Amino acid sequence: EFKSGSVRNFVISVESQLGPLLYIRVWHDNSGIKDKASWYLNMINVMDLQTGEKSYFLCDNWFAVEKGDGLVDRVIPFASSKELKSFAHLFTQSVKKKFSDGHLWFSVFSRPVRSNFTRLQRISCCISLLFCTMISNAMFYRQDTNATTNKAGVLMKIGPIEFTLTQLWISFIGTLIVLPVNLIIVTLFRKAKYSQKTLVTYHLKETERRNKRLEKDEQYEKTKRFFSRAKNHFKHSKKLDEDEIERIGAIPSIEDKTRTLPHWTIYIAWGLVILSILTCSFFIILYSLEWGAKRANEWLITMLLSFGQSILVIDPLKVFLITAIISFLIRRPYDDETLDFNDPFTGALVSNNNIAENDGQDIYNDSQIKEVARQRRVRLFDLRPIDSNEMSRAREQRLREIKMGEIIREIVVYVFFTVILLFLSYQARDTNSYGLYRDTKNLFITDDFHGINSLNTWWNYCDGVLLKGLYAQTWYNNKNLTWREKLTTGSRVSMRVGAPRIRQLRVKENSCRVHRRVKHIIKHCRDDYNWFDDDTKDYTPRWEKVLNKTAIKMIDESNNETKRCKTPWCYQSSVRTKSGPLKALYKTYKGGGYVVSLGRTYEKARSLLETLRSENWLDQLTRAVIMDFSLYNANVNLFISVTLSFEMTSMGSIIQDYQIKIFRLYDHIGGYGILVYLFELLFVIFTIYSFIHEILLLIKQRKEYFNKFWNIISFITAIFSITAIIMYGTKKTLTRLAIRSLRKTEMGEFVNFNAIGSFDEVYSYIVALVTFFTMLKFLKLLRFNKRIGMLSQSLRYARQDLNSFGVVFIIFMIAYAHMGFGIFGRSLQSYKSFFTALTTCFRMLLGEINAPDMLAVSRVYGTFYFLSFISLVFVALLSIFLTILNDSFAHVKRELAASQHKNEMMEFMWSAFRKVAGINNKKTTEDGDEIMKNNITTMLNNSDAPLAKFDAEEL
């Protein structure tokens, strides 16, 4: 069996000297189960044991029916010196060797076959390196590192684990400190010579074991005895000529050229390993006695960082740099001189160097050599490469197996990914969210809210509803509230997070022009709100005077020396308010404005509002009043962000709107939080796997990738998944900043959780899209179903007709939207703009038609609009659409019936299942016997046996 990464050596006896080789023919019979029949050949080295000459043959290709060109029979030409010294060849071969042998941690599992740096020695070096890393990192924690940790701040936080820039630097330095010690120990293990007595004893035991296993193989025994005795006879003969003596001297020595240090140095290496482990353990215990829990956790995280850097950075970098430098500068052909005393080649050398005397038995003559060669040819007579017909059948069979494996793997991966995605999607949405939304809405969105139609009713709403909803009132028995109860809302189940805030946006006086014909009647004009002409100046109370810089400075001195005026009469930009633009029903407003914070108590808030009302804080220049506040319900672990907007239009009306956002910021609580962490990690792994898979597929297929519908769906899903991961990390960062700001202000000022709520809302939309596209891929798994296949083929066949129909349909819908906007735009809300009119037209297709309102606006035009839309769009166009689908479905059905289409993959999967389950195998066995008979007949008829050509007399 040829294992992956193995190096196999064979001792072969031949009738005469090999001489200069030009090529080697290599083939196999494609035997094996599934992928066991395929193997990858890197290179072949041929060495003449008599002359010591080496020949190299570079293959670097697969012998597999399902890979590449599908060949299992290749002729490999002799590799020239230029090919052997090329940088690409040297670098590739050296990296493969060094990564499996030079990377200390990976080599424990991927140790090369021809390597005598044992796994026990490698594991010992790893343990020594780990303990040295522990003590090197512990030395940096002798002093108090709290100050440096606080200065560095939290660099990254993954669940309960967080590390700083200082810890990252300490881990890197610690890794570099222990590197020389580890290199010395590894070098001593690699370079120490073997004990010759131990090698011979070990080889004799292995030879005895191998002989017992092959004692029934007569040809093997004769060939081995011939090789050993003939060479021993040549070695002790006194009649050898000079050429024979020269050939015998060229036989390789048993000595491993890579080992240059004396054998006793291996004991020094073991001593260093034991000493480093014991010494480091002792001092680590001493250090830990001085540490507390916090310092010990910091040291543990630093040590884990060093461990990761050693595996992922230091060792790979060492391998790549050394390999690149050696391959570029030395340019010596790759030759693995490491001897493995388990293979036949080394065994032959040990035997030839340790057989002391001849046993006196007979030596083979020429006739006996020919007899051995004749018997070998007879044994190889039936061996021949697989013929082209059989290879094509095997290739087709193997491709079907691969396709079936890909389908099964796709189903398994998809099911796991869907389960993880659904778990994360549903755990982020609490079933109590709607109940909390409803209760919050009932608390603030009352009839008084909808009845606001003037500034006076707005003040009344604030005094009667808003403040009583935001601040808990005294108990029914006049019992005073505790300090904690004063932080709750009127329902006493949710707590205010920060102080509520009211923000006003104004326009300038005379912000529009009065028509010249009425200028003598109207002296002023106040426009609607716009971003380029809003008022951003600072005023004194009652909006009387504009403050200059000197006045602002004096106010600053009276306001605890703050840098800018913070009264309700001074404008604050969106940077200072930390708010983004707000899209209301009528306009979109900036994040800045004239801001007032209501404070933490009911008395303070009511006093402040009464003062503002008496000083006419709201007047005819006010265009929007926006209230923001945040709540937290610890009972269900949900945050609430509420925004109430009141738009004062230039027409004199007040438009009310509200936004209540329910979201969760802390998902990892208790034992359930660990499960959430695990599923989030699995989601990241699956996302990275899917993204890399789609990128590789895109690179392979290029433009053809986007011609398949399911490829587009998979690509969109991968992009949205990556976006969801990035947004999740950003949301956690914003949450940390908001909580830090809340602690800093001691909940006495407004903290903008509305931005986090909006971000969480967008994140939920992205997750919803990922869930939608993932569930949509269920149709792909059903593509082997006959009906589903007919449906997809019908849509593909009708694609051109549907494109033409779509253009006509859009033209009709746009035309009716324009006509509806022109006729009903001034009277009906459903036609107040072009886009609302277009939406109304699509709703009419679903049967939602409000004909009485149309007729009430205009009996003539309303009737014409209604009847024409029903006849042309609702009846004619939809009938054409159904006709196109019906015709394409009938066409596909006729084609399938004419071709007698069979789903080959489903039949193959079903036959494979029957074979595994042992159901109805009689027919399959008969078919296999028939195929075997045909192969035997073909082999007998073919007289050309490329590996068994000899004369009839010799046979």
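**View A. C132 is a buried cysteine, with a relative accessible area of 9%.** Buried means under 20% relative accessible area, exposed over 50% and partly exposed in between, with a 1.4 Å probe and protein chains only. This is a predicted model, in which local features need pLDDT of at least 70 and side-chain atom pairs count only at pLDDT 80 or more, while totals for chains, interfaces and linings use all residues. Residues are numbered from 1 along each chain as its sequence is written, and side-chain values use heavy atoms, with hydrogens and water left out. The count of disulfides (pairs of cysteine sulfur atoms within 2.5 Å) is zero. C132 takes part in no disulfide, and the nearest cysteine sulfur, which belongs to C280, lies 4.0 Å away. Another residue, C841, is buried too, at 0% relative accessibility.

**View B. W105 and F307 form an edge-to-face aromatic pair.** The model has 46 aromatic pairs, where rings of Phe, Tyr and Trp (its six-membered ring) pair if their centres lie within 6.5 Å, and planes under 30 degrees apart count as stacked, over 60 as edge-to-face and the rest as tilted. For W105 and F307 the centres are 4.9 Å apart, with 85° between the planes. The pair links distant parts of the chain, 202 residues apart. W105 is in the loop between α2 (87-101) and α3 (107-110), and F307 is in helix α11 (residues 293-329). Helices (H or I, at least four residues) and strands (E, at least two) are DSSP runs, numbered from the N terminus. W105 counts as buried because its relative accessibility is 14%, whereas F307, at 29%, counts as partly exposed.

**View C. The rings of Y539 and W543 also form a pair.** Their centres are 5.5 Å apart and their planes stand at 75°, so this pair is edge-to-face. Y539 is buried, with a relative accessible area of 14%, and W543 is buried at 11%. W543 lies in the loop between β8 (501-506) and α18 (549-558). The charged end of R506 sits over the ring of W543, 3.7 Å from its centre; here NZ of Lys or CZ of Arg must be within 6 Å of the ring centre and within 35 degrees of the ring normal. The phi angle of W543 is near 60°, a positive value in a residue other than glycine.

**View D. F63 has a charged side chain over its ring face.** The side chain is that of R74, at 5.5 Å from the ring centre.

**View E. Ring pairs join several aromatic residues into a cluster.** Its members are F449, W458, W459, Y461, F646 and Y658.

**View F. N616 has a positive phi, near 55°.** Most residues other than glycine have a negative phi. N616 is placed in the loop between α20 (602-614) and β13 (622-633). At 45% relative accessibility, N616 counts as partly exposed.

**View G. A nonpolar surface patch covers about 530 Å².** Y672, L675, L678, L681, L682 and I685 make this patch. Patch residues have over 30% relative accessible area and no salt bridge, and nonpolar side chains (Val, Leu, Ile, Met, Phe, Trp, Tyr) are joined within 5 Å, like charges within 9 Å. A salt bridge is a side-chain nitrogen of Lys or Arg within 4 Å of a carboxyl oxygen of Asp or Glu. Accessible areas come from the Shrake-Rupley method with a 1.4 Å probe; for residues, only the protein chains shown count as cover. Y672 belongs to helix α21 (residues 670-701) and counts as partly exposed, at 42% relative accessibility.
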